[in-house]
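Please read this report beside the sequence and the 3D view, and look up each residue as it is named.

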Amino acid sequence: MIIDGRDLATQIELEMKEELKELGTPKLAAVIVGADEGTKSYMRSIQRVGEKLGIEVEIVSLSEESNTEEVKDVISGLNSKKDGIIIGRPFPSHINEQQVITSILPEKDIDCLHPINLGFLFLGVPRFNPCTPQAVIEILNRTNTTIRGKRVTIIGRSNIVGKPLAIMLIQRGVDATVTVCHTKTHDLSAHTREADILIAAAGHPWLIGAEMVKQGAVVIDVGVNMNDGKLVGDVNFNEVEPKASLITPVPGGVGPITTRVLMRNALLARCLSASL
Ligand code: NAD
């Protein structure tokens, strides 16, 4: 079965409606520093989803030449004005991204990048759930996929997808057995073929072919890659779909849910702002 990410995204929007009415308009800032077209278009898509829901997203564009201190200063100003702050990554290489991240007040860090928020996540008491990993978990839960005791293989160990997702899946109560693969993994197929749930987050077009997937596996494709001017995932969808019990397409799979999880985090940040 093909999972319709847009459909699940609409479900999440409906669930937020009542809370949004009560809380008023959350105000977010998206800070970008001389960003590439991909990052700008991602931020505009967040802005559009926000508009639809009644969440204000101001895109704060800084010049490519801005230095770390200037970016931190802008964020300091936004900390007192906005409910939530996100940043467009990657930043230009001369900017110290970690310093910028830690200049966001943890209560406003709706992308869950701040070490304090990652610490809470690690301990199993998250304040904000990181958006893409949580989108994967939403898909599994909303399709009634059993996670407990299942073998999950994640391809990718980034701080925004693979690593936090692994932490979330091994928490008590979620109870998966997780293997995390990366560029130095030997015999990737041996790990992917073992997976009841396979999650691809490598950023490598069509890395996963049918021969790498167990019959009946659930396959979640986080990857977003441009290939010959077309958006494709890390999974060769046409090959793998007949073998998978559930599979997400690209586009229209994980992406729309990620933005709704971000908006739900914005609601939580609004509540936290009210109590500061
Ligand atoms: P990243 O480049 O930071 O990390 C990629 C990871 O994959 C690395 O840990 C690397 O070791 C591993 N990897 C790369 N090629 C591999 C290979 N051939 N074999 C095994 N491991 C390999 O990327 P990221 O920020 O984690 O994003 C991963 C992908 O997910 C990208 O395509 C990105 O665009 C996409 N993404 C999608 C969403 C969404 O909401 N749909 C959100 C974030 C990222």
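## The second largest pocket

Which helix and which strand each supply at least two residues of the lining of the second largest pocket? They are strand S9 (230-232) and helix H9 (237-240), and S9 gives the largest share of that lining, with three residues. The model in view is a predicted one, and in it this second largest pocket holds about 200 Å³ of space.

The lining of the second largest pocket is made up of 14 residues, and those nearest its centre are Trp 206, Val 232, Val 235, Phe 237 and Val 250. When the lining of this pocket is sorted by class, eight residues are nonpolar, four are polar and two are charged.

## Two domains and the largest pocket

The protein is divided into two domains, with domain 1 covering residues 23-106 and domain 2 covering residues 131-255. The C-alpha centres of domain 1 and domain 2 are 28 Å apart, and each of these domains gives at least three residues to the lining of the largest pocket.

The largest pocket has a volume of about 1400 Å³. Its lining consists of 48 residues, and the closest to its centre are Tyr 42, Thr 132, Val 224, Gly 255 and Thr 258. Two or more lining residues come from each of helix H2 (37-53), strand S3 (84-87), helix H6 (131-142) and helix H10 (254-275), and the largest share, nine residues, belongs to H2. By class, the lining of the largest pocket contains 25 nonpolar residues, 15 polar residues and eight charged residues.

## The ligand and its surroundings

The ligand is surrounded by 22 residues, and the closest of them are Thr 132, Arg 157, Ser 158, Val 224 and Thr 258. Helix H10 provides the largest share of this shell, namely three residues. The residues of the shell divide by class into 10 nonpolar, 11 polar and one charged.

At Arg 157, a backbone N or O atom lies 2.9 Å from an oxygen atom of the ligand, and at Val 224 a polar backbone atom is 3.0 Å from an oxygen atom of the ligand. At Thr 258, by contrast, the side chain takes part, with one of its N or O atoms 2.8 Å from an oxygen atom of the ligand. Taken alone, the ligand would expose 860 Å², and the protein buries 71% of that area.

## Backbone details in the loops

Most residues other than glycine have a negative phi, and most peptide bonds are trans.

The peptide bond that runs from Arg 89 to Pro 90 is cis, with omega near 0°, and Pro 90 is placed in the loop between S3 and helix H4 (97-103). Another cis peptide bond, also with omega near 0°, runs from Val 250 to Pro 251, where Pro 251 is found in the loop between strand S10 (246-247) and H10.

What is the phi of Asp 175, positive or negative? Although Asp 175 is not a glycine, its phi is positive, at about 70°, and this residue sits in the loop between helix H7 (162-170) and strand S5 (177-181).

Methods: Residues numbered from 1 in each chain as written. Predicted model: local features only at pLDDT ≥ 70, side-chain atom pairs only at ≥ 80, totals over all residues. Heavy atoms only, no water. Domains from an automatic or database assignment. 1 Å grid on protein atoms, 1.4 Å probe; cavity = no way out; pocket = protein on both sides within 12 Å on 5 of 7 lines; lining within 4 Å. Points joined across faces, edges and corners; volume = space filled by probe spheres on them. Helix = DSSP H or I, 4+ residues; strand = E, 2+ residues; numbered from the N terminus. Nonpolar A, V, L, I, M, F, W, Y, C, P; charged D, E, K, R; others polar. Near = heavy atom within 4 Å. Polar contact = N/O pair within 3.5 Å; in protein donor to acceptor, adjacent residues only side chain to side chain. Areas by Shrake-Rupley, 256 points an atom, 1.4 Å probe, with all protein chains shown as cover.
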